[in-house]
Every structure is written in C-alpha cells, then in structure tokens.
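The sequence and structure come first.

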Amino acid sequence: MINRILIRIKVLQIVYSFYQNGNKDLKGAETELLFSLQKSYDLYYYFLLLIVELTYQQKRNLEIRKNKYFPTFEELHPNTRLINNRFAAQIEKNSQLQKYITEQGISWSNDQDFIKNTLDTLLASELYTDYLKSPDTYESDKEFWKEAFKILICNNEAVDDYLEDKSIYWNDDIAIVESFVLKTIKKIEEKDGKETILLPMFKDMEDKQYAITLLRQTLLKGTDYRAHIEKHLKNWESERVANMDLLIMQVALAEILSFPSIPISVTLNEFIDISKYYSTPKSAIFINGILDSVIKELKSEKRLLKN
C-alpha cells in the first residue's frame, strides 16, 4: 500500500526534522521513518474500520429510538437497509482487518462525536436517499460505500482537519491513503467473504529497503550532495535559498545516485511535484534548473551513467 511517492515525502520530513533538531542519530532517524510509515498504514485500516463504525452507530441510533417510552411507528419499524449492508458486514468480518486492529489497538471508540457527525451527514445526503431506492443487492451495498467514501471522506476538509489533529503523522498521508482505500473497495468481491486480501504495508521488501536506503544515503552523503548543489547556485547565496529547496534537491540527488533502476526523469518529476506542496511557488522551476545542471556535471564526470 505504501508507495514510493509516500516514501519520498516521509523521507523528506525525517531529513527536515534531522537537521532542524540537530540530532545526528542516524539509527533513530531510520526508526522514526519506519514508525511514520507504519502510522500511514494504520490510517488505511482506520478508514476501512470507519465503514464498520458508522454502521454500528446507525444500529445504536435505531435501538435507542425503538426503546423510547413512546416510539413512533417509524421508530418501531425503521428502514434497516444500512445496518444490514452486506459489504459493511463483509468488511467487519475480514480476518486481516480484525487481526490488525486487535494487534495495533486501532479503534474509533474515542471519536464518537466525529462518528455521529459523519453519520448525520451521510444520512442527510442524496446518496443515502438514492441508496434506499436501489436494488437490495450486494453490488448496490458495495457501490453505496464506494460513493460514500468518495463524496463524504475524500477531499473533505473537515475530515482532513480532524484526522490531522488525531495524528501528526497523517498530515500529508490522507489523500494518498484514501486512494488506496478506494482501490481496495473496488477490488473486493462478494465471493471473497471474510478472506478478502487487503493491501500489504509494502508491495515487497524492495520498497521497504528503498525507504531505508534513500534516507541513509541522503544523510550520510549530505555534505557531498550539498557541495554539488551549491556549485550551481551561481548568483544565489546558499543562505538565501529556501532551506526546503535544498533538502528536496539533496533527497533527489540521493535517489538519482543510489538507484540505477529509477530513471532520472521519474525522480525529477516526483520531487518537482513535491516542491509544489512543500516549498515556495517558484521552487519547482528553481529546483528543476539546479538539478539539471548538477546532473549534467555528474554525467560529464562519469559519476552518473544512467539516463
């Protein structure tokens, strides 16, 4: 689930913290990187569990209304389509989900106001109204939660703010993790039952090693990378260049020089995109220009042989 885009962002954050705090503990930086990536993976399960928790909340609501002193006919005979949603039940019973949330202690139990508000928004939506009119099938149940997640969770500023307050490790992960949750919802089929395979933390061990190596090379050879960068600043004084720009270029050079299989163009595009979110409006053009000059020099020195 954790892809290289997220790894690059996490490495940049750890490198920034490493220099800001003046802490030169490389092993500690590696531990912090892996912990941060683990928290991103936790968020994936929090999102899946949210489907279950919203279903539980609706069930609790209906029980409370049914047990009032003088319940109305509608309260005694509520529409139970949501609490009987087959897809939500399948998620709840998923073996991998249950194992992970038990081991990691993941729960929405301390977030009841958020759950209630999210459910209220869901029940008041046109999507829910249409769902009640749709065919009572597994596919309709699944489609409802897919659209609910897209409409109510993805790109929802209030949800983003709440999650960012819940964990500092999620500040830059939310949109990426949401995309993987949607991918998971789309691929689940009724025949899979509770044994549906959820996304692993890393696609393979190569990605985990990529994360560790990128961080190590960035920090261990940082002085060398900075020297190459500063040679090409020309009329720029290095003290006046945005510190984040320097860090982005440092991590980018670590990737370019440490991973022969990653094309230079891929690295440049990824880190230029990152600069648009983490630095100044003009950073993308500046970083592209400086790195292009450094790459040409490294190729002329035969220190860089890939394209």
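At the start of α2, the backbone nitrogen of Lys 27 has a side-chain oxygen of Asp 25 within 3.3 Å. The model is a predicted one.

Helix α2 covers residues 26–66. Its 41 residues should span 60 Å at 1.5 Å a residue, and this agrees with the 59 Å between its end C-alpha atoms. A kink of about 30 degrees in α2 is centred on Leu 50.

Two helix pairs involve α11 (residues 205–220) and are set out here.

| Pair | Crossing angle | Axis distance |
|---|---|---|
| α2 and α11 | roughly 145 degrees | within 10 Å |
| α11 and α13 | about 115 degrees | 9 Å |

The crossing of α2 with α11 is right-handed. On the α2 side, the contact is made by Leu 26, Ala 29, Glu 30, Leu 33, Leu 34 and Leu 37. The α11 side contributes Lys 208, Ala 211, Ile 212, Leu 215, Arg 216, Leu 219 and Leu 220. By class, this contact of α2 with α11 holds ten nonpolar and three charged residues, with no polar ones.

Helix α13 spans residues 243–258, and α11 passes α13 in a right-handed crossing. Here α11 makes the contact through Tyr 210, Leu 214, Gln 217 and Thr 218. Facing them from α13 are Gln 250, Val 251, Ala 254, Glu 255 and Ser 258. The residues of the contact of α11 with α13 divide into four nonpolar, four polar and one charged.

Note on methods
Residues are numbered from 1 along each chain as its sequence is written. This is a predicted model: local features need pLDDT of at least 70, side-chain atom pairs count only at pLDDT 80 or more; totals for chains, interfaces and linings use all residues. Side-chain values use heavy atoms; hydrogens and water are left out. Axes are lines fitted to C-alpha atoms, for helices over the stretch in contact, and angles run from 0 to 180 degrees between N-to-C directions. Helices (H or I, at least four residues) and strands (E, at least two) are DSSP runs, numbered from the N terminus. A crossing is left-handed if the near helix is turned anticlockwise from the far one by less than a right angle, and right-handed if clockwise. Contact means heavy atoms within 4.5 Å. Ala, Val, Leu, Ile, Met, Phe, Trp, Tyr, Cys and Pro count as nonpolar, Asp, Glu, Lys and Arg as charged, and the others, Gly among them, as polar. The expected span of a helix is 1.5 Å times one less than its number of residues. The bend at a residue is the angle between axes fitted to the seven residues ending there and the seven starting there. A polar contact is a pair of N or O atoms within 3.5 Å; within protein, one must be able to donate a hydrogen and the other to accept it, and residues adjacent in sequence count only if both atoms are side-chain atoms.
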